[in-house]
Amino acid sequence: MLTINTFNAISQRGLSLIEEDLNYYLNGSGDPDGILVRSKNLHDFEFPESVKAIARAGAGVNNIPIDECTEKGIVVFNTPGANANAVKELVLANLIASSRNLFSAVGWAQTLQEHGDDVAAVVEAKKKEFVGSEIKGKKLGVVGLGAIGVLVANDALALGMDVVAYDPFISVDAAWRLSRDVNRAMHIDEVWAECDFVTLHIPLTDKTNRLVNGSSFNKMKEGMTILNFSRGELVDESTLGQALESGTVGKYVTDFPNPRVLSMKNVVPVPHLGASTVESEENCAVMATKQLKTYLETGNIKHAVNLPDVELPYSGKMRLTVMHKNIPNMVGQITTALSGFAVNIADMINRSKATWAYTMIDLDHVLTEEEQAGLKQKIESIEGVVSVRLI
Ligand SMILES: NC(=O)C1=CN([C@@H]2O[C@H](COP(=O)(O)OP(=O)(O)OC[C@H]3O[C@@H](n4cnc5c(N)ncnc54)[C@H](O)[C@@H]3O)[C@@H](O)[C@H]2O)C=CC1
Ligand SMILES: O=C(O)CCC(=O)C(=O)O
């Protein structure tokens with residue numbers, strides 16, 4: 001039996017894939033084989049030794065200590081694209097709503113009951129204070145052209161906007177999906193200088209932390225709106241307040257409110273709703289659960305952030321999986337360890353991603369419990385090996 005524990009509210013569509021499988025316990029013990037999580041911060045979490053994999057039902061993995069997990073032999077998955085449409089729709093909604101002052105106007109209208117039969121007259125007298133602008137013909141900057149950024153860029157074009165985008169690391173897949181009418185910014189400063197709206201769709205990493213900072217604000221077109229549905233830390237809050245105060249930034253729409261940002265003027269706080277649709281929660285939960293179960297049951301890897309995709313049709317009687325550093329002579333040492341157990345290799349695969357690698361070897365017969373323990377111990381003692389499983 002395998003155990004999967006969950007953090008956060010995971011959609012029932014995903015949970016049923018565990019509950020209805022007799023080989024699994026859901027939230028069954030303190031020593032799970034796998035963890036399903038959404039936004040819970042796991043940086044201070046003590047991972048039990050039993051944990052072999054974590055699946056993030058969502059895109060951003062900054063809540064998971066990836067390097068620590070990798071060193072401990074834990075594979076970390078996410079669900080690329082599974083919530084992209086939900087975020088895109090909310091970004092477009094906020095693009096229009098912020099341009100039309102919709103939230104403050106609706107907030108005001110909700111207070112009018114006391115005017116009784118005069119409500120219509122009060123509305124007509126005051127509505128000029130909420131006059132907005134159309135987004136058609138305005139320039140939108142999209143920073144990050146991944147699953148979400150591409151959808152936002154293409155649909156903003158359809159709404160009549162000029163779109164300029166910046167992503168020096170765009171994938172070939174994303175480039176194929178991007179409309180050729182999206183203009184390419186060669187430097188992020190072009191986005192700051194030219195755009196009426198900028199929307200951020202990049203991961204939070206050491207390199208992108210405070211990507212939008214005092215120097216960016218100095219280059220910005222006066223009064224621009226920034227939409228941040230990626231992560232709060234991408235924007236330097238120590239200089240944001242002044243940029244909003246001076247009007248350099250006209251509005252800051254953020255999915256990541258905190259006390260500091262809430263005290264600033266012209267902030268539109270959204271309570272982290274980017275991925276909060278029934279459809280997106282189901283997509284993420286189902287994808288994350290399937291990836292996690294596939295890894296636990298077969299060793300095959302799809303959409304891990306710390307290892308490459310590795311898939312090998314099961315062709316032997318028993319499977320050996322080894323997660324190890326991407327250094328010379330690892331496969332040689334693993335097969336040498338196997339040679340002591342008089343077992344033939346039916347098939348094998350080795351793939352690497354940056355400094356880490358993964359080797360799967362199908363064996364032509366089932367080893368005894370004693371042989372399995374001996375083999376595991378031998379391979380675990382190879383320098384650079386962080387996880388060994390026999391499935
Ligand atoms: N508000 C919410 O509920 C949600 C927030 N997110 C956030 O949005 C982020 C993006 O999500 P996806 O589009 O699904 O991710 P993705 O991985 O498909 O795309 C990210 C893109 O950013 C680009 N990029 C990385 N560093 C960059 C830089 N310095 N400048 C320009 N481009 C850069 C990458 O090349 C990639 O194309 C996630 O990492 C997450 O933090 C994602 C889903 C829901
Ligand atoms: O699970 C959620 O609601 C948050 C989604 C998110 O922020 C992400 O996928 O990066």
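A backbone N or O atom of F169 lies 3.4 Å from an oxygen atom of ligand 1, in a model that is predicted. This is a polar contact, a pair of N or O atoms within 3.5 Å. The protein covers 84% of the 860 Å² of accessible area that ligand 1 has on its own, with areas taken from the Shrake-Rupley method and a 1.4 Å probe.

**Around ligand 1**
- The shell of ligand 1 holds 25 residues, the closest being A147, I148, D167, F229 and D255; a residue is near a molecule if one of its heavy atoms lies within 4 Å of it.
- In the side chain of D167, an N or O atom is 2.6 Å from an oxygen atom of ligand 1.
- A nitrogen atom of ligand 1 has a polar side-chain atom of D255 at 2.8 Å.
- By type, the shell comprises 13 nonpolar, nine polar and three charged residues, where Asp, Glu, Lys and Arg count as charged, Ala, Val, Leu, Ile, Met, Phe, Trp, Tyr, Cys and Pro as nonpolar, and the others, Gly among them, as polar.
- Ligand 1 lies between domain 1 (1-83 + 275-306) and domain 2 (85-95 + 133-269), because both give residues to its shell; the domain bounds come from an automatic or database assignment.

**Salt bridges**
- The structure holds 14 salt bridges, each a side-chain nitrogen of Lys or Arg within 4 Å of a carboxyl oxygen of Asp or Glu.
- K293 and D21 form one of them, with N to O at 2.9 Å.
- This pair links distant parts of the chain, 272 residues apart: K293 is in helix 12 (residues 278-298), and D21 is in the loop between helix 1 (12-19) and strand 2 (24-26).
- Helices (H or I, at least four residues) and strands (E, at least two) are DSSP runs, numbered from the N terminus.
- K72 pairs with E68, their closest N and O atoms being 2.8 Å apart.
- K376 and E380 also form a salt bridge, at 3.4 Å between the closest N and O atoms; both lie in helix 14 (residues 369-380), four residues apart, about one turn of the helix.

**Exposure of the paired residues**
- Buried means under 20% relative accessible area, exposed over 50%, and partly exposed in between (1.4 Å probe, protein chains only).
- K293 is buried at 13%, and D21 is buried at 17%.
- K72 is partly exposed at 41%, as is E68 at 27%.
- K376 is partly exposed at 31%, and E380 at 41%.

**Conventions**
- Residues are numbered from 1 along each chain as its sequence is written, while chains are lettered from A and ligands numbered from 1 in the order in which they are written.
- Local features need pLDDT of at least 70, side-chain atom pairs count only at pLDDT 80 or more, and totals for chains, interfaces and linings use all residues, while side-chain values use heavy atoms, with hydrogens and water left out.

Methods:
Polar contact = N/O pair within 3.5 Å; in protein donor to acceptor, adjacent residues only side chain to side chain.
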